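Subject: Structure handover and notes

Dear colleague,

I am passing on the structure we spoke about, and my notes on it follow directly below the files. Please read them alongside the coordinates.

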Amino acid sequence: MMRSIVSGERAGPPIGETLGFAAVEAEEGRVVFEGVPQFEVANPLRTVHGGWYGAILDSCMACAVHTTLPAGAGYTTLEYKINITRAIPLGVVVHAVGIAQHSGRSTAVATGELRGKEDGKLYATGSTTCMILRG
């Protein structure tokens, strides 16, 4: 499913269009989102709101988990944590890379990094625990 989103065969999640990010790579256990924070996601201090960091990292990490699941299984984020290491300048292209660390019967764990596409600067890291939903 994630590969069909990356290739454009299937529409990506609406939140990506709203917040300015989309999946650009997907393989089993690894998903990359590319994003460009614009003024619309700025906080009152006119810097990128922490929620934007959380949204793109939650997306790449949870989607990395998704790539490890059998057809018909789903998932939901139980919890996630982010550590912001520096402010992303508005308009800078970033890559959020999510990597599944464990995908078990009832839970999965993934980590993520948010880096500048051009300069590789680390802007944030994250971790998540997802609940696996088997139908």
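In strand β4, the bridge partner of V32 is V97, and six bridges in total join β2 to β4, which run antiparallel. Strands here are DSSP runs of E with at least two residues, helices are runs of H or I with at least four residues, and both are numbered from the N terminus; two strands count as paired if DSSP finds at least two bridges between them.

Before going further, please keep in mind that this is a predicted model, in which local features need pLDDT of at least 70 and side-chain atom pairs count only at pLDDT 80 or more, whereas totals for chains, interfaces and linings use all residues. Residues are numbered from 1 along each chain as its sequence is written, and side-chain values use heavy atoms, with hydrogens and water left out.

The sheet

The pairing of β2 with β4 belongs to an open sheet of six strands, ordered β1-β2-β4-β5-β6-β3 with antiparallel pairing. Its edge strands are β1 (21-27) and β3 (74-84), each of which pairs on one side only, and the twist from one strand to the next averages 20°, where axes are lines fitted to C-alpha atoms, for helices over the stretch in contact, and angles run from 0 to 180 degrees between N-to-C directions. Strand β1 is joined by six bridges to β2 (residues 30-35), and the two run antiparallel; within this pairing, the bridge partner of F21 is G35 in β2. Helix α3 (residues 50-66) packs on the sheet and touches β1, β2, β3, β4 (94-103), β5 (107-116) and β6 (122-133), its direction making about 135° with that of β3; contact means heavy atoms within 4.5 Å. Further along the sheet, nine bridges join β4 to β5, again with antiparallel strands, and the bridge partner of A100 is A110 in β5. A hairpin of three residues connects β4 to β5.

The chain as a whole

The chain holds three helices and six strands, which run α-α-β-β-α-β-β-β-β from the N terminus on. Its radius of gyration is 14 Å, close to the 14 Å that the globule rule gives for 135 residues, so the chain is as compact as a globular protein of that length; the radius is taken over C-alpha atoms, and the rule is 2.2 Å times the number of residues to the power 0.38. The C-alpha atoms fill a box of roughly 45 × 30 × 25 Å along the principal axes. Of the contacts between residues at least 6 apart in sequence, 62% join residues at least 24 apart. Buried residues make up 38% of the 135 residues, with buried meaning under 20% relative accessible area, exposed over 50%, and partly exposed in between (1.4 Å probe, protein chains only).

The aromatic cluster

Which residues do ring pairs link into a cluster? They are F21, F33 and W52, and the count of aromatic pairs comes to two. Rings of Phe, Tyr and Trp (its six-membered ring) pair if their centres lie within 6.5 Å, and planes under 30 degrees apart count as stacked, over 60 as edge-to-face and the rest as tilted. F21 and F33 form an edge-to-face pair, at 5.8 Å centre to centre and with 75° between the planes; F21 lies in β1 and F33 in β2, so the pair ties together parts that are 12 residues apart in sequence. F21, at 5% relative accessibility, counts as buried, and F33 counts as buried at 2%. The rings of F21 and W52 have their centres 6.2 Å apart and their planes at 75°, so this pair is edge-to-face too. It links distant parts of the chain, with F21 in strand β1 and W52 in helix α3, 31 residues apart.

G20 is found in the loop between α2 (14-19) and β1 and, at 31% relative accessibility, counts as partly exposed. Leaving aside neighbours within four places in sequence, G20 is in contact with E34, G35, V36 and W52, while its C-alpha atom is separated by 6.4 Å from that of P37, 17 residues apart along the chain. A23, in strand β1, counts as buried at 12% relative accessibility. With the neighbours within four places again left aside, A23 is in contact with M2, I5, V6, V32 and F33.

Best regards
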